[in-house]
Amino acid sequence: MPNANKVALFWLTTAAGAVLFVTFQLFFYVNDFVRAHGATPAITFEPDILWMFSAFYGCWIVTVLVALIGTRTALWVVLVLGSLMVFLNTLGGIADGLRDGWHIAFSAVFFITLPGVFSIAATWRRIKSKGNNHVYQ
């Protein structure tokens, strides 16, 4: 498999982890809401905020698509954008974990940070590799 595709696969795994984290976080919230018989305050969002969430999580696919380009400049963009996404998602997950429970923070670290560190390392290794980029061994 070409190295550019490996890097994109790493970032796709991280993006899937971010989706799993958000899904589990919603399940945990609904579970707490049902267990409290509706006593938990409902989280409501304005339409503008919902668009922001869509754009924010949409950046994950942008990272994967740019990684498929495979040029050195594209990989630098992927490294910066992907690292920022991993950092912000982890920070948000830990902040939510402090509010809602340790299992949320653990999920953020497990589903986002862990694959994100491997993605960052793979991207950095690809940027620093020397030799013929057009030869796939």
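Trainee: What should I know before reading the numbers?
Mentor: The model is predicted, with local features needing pLDDT of at least 70 and side-chain atom pairs counting only at pLDDT 80 or more, while totals for chains, interfaces and linings use all residues. Residues are numbered from 1 along each chain as its sequence is written, and side-chain values use heavy atoms, with hydrogens and water left out.

Trainee: How do H3 and H4 pack?
Mentor: Helix H3 (residues 72-100) and H4 pack at an angle of about 165°, with their axes 8 Å apart, which makes H3 roughly antiparallel to H4 (a term for angles over 145 degrees). Their contact has 15 nonpolar, 9 polar and 5 charged residues.

Trainee: And what about H2 and H3?
Mentor: H2 and H3 pack at an angle of about 155°, with their axes 9 Å apart, and that makes H2 roughly antiparallel to H3.

Trainee: Where is the kink in H4?
Mentor: The kink, of about 30°, lies at Thr113, shortly before the proline Pro115; the bend is the angle between axes fitted to the seven residues ending there and the seven starting there.

Trainee: What span should H4 have?
Mentor: At 1.5 Å a residue, the 27 residues of H4 (residues 102-128) should span 39 Å, and the end C-alpha atoms are 37 Å apart, which agrees.

Trainee: Changing topic, is Ile69 buried or exposed?
Mentor: Ile69, in helix H2 (residues 47-69), counts as exposed because its relative accessibility is 55% (exposed means over 50%, with a 1.4 Å probe and protein chains only). Ile69 and Asn5 are 64 residues apart in sequence and 8.9 Å apart in space, C-alpha to C-alpha.

Definitions and conventions: Helices (H or I, at least four residues) and strands (E, at least two) are DSSP runs, numbered from the N terminus. The expected span of a helix is 1.5 Å times one less than its number of residues. Axes are lines fitted to C-alpha atoms, for helices over the stretch in contact, and angles run from 0 to 180 degrees between N-to-C directions. Angles under 35 degrees count as roughly parallel, over 145 as roughly antiparallel, 65 to 115 as roughly perpendicular and the rest as oblique. Ala, Val, Leu, Ile, Met, Phe, Trp, Tyr, Cys and Pro count as nonpolar, Asp, Glu, Lys and Arg as charged, and the others, Gly among them, as polar. Buried means under 20% relative accessible area, exposed over 50%, partly exposed in between (1.4 Å probe, protein chains only).
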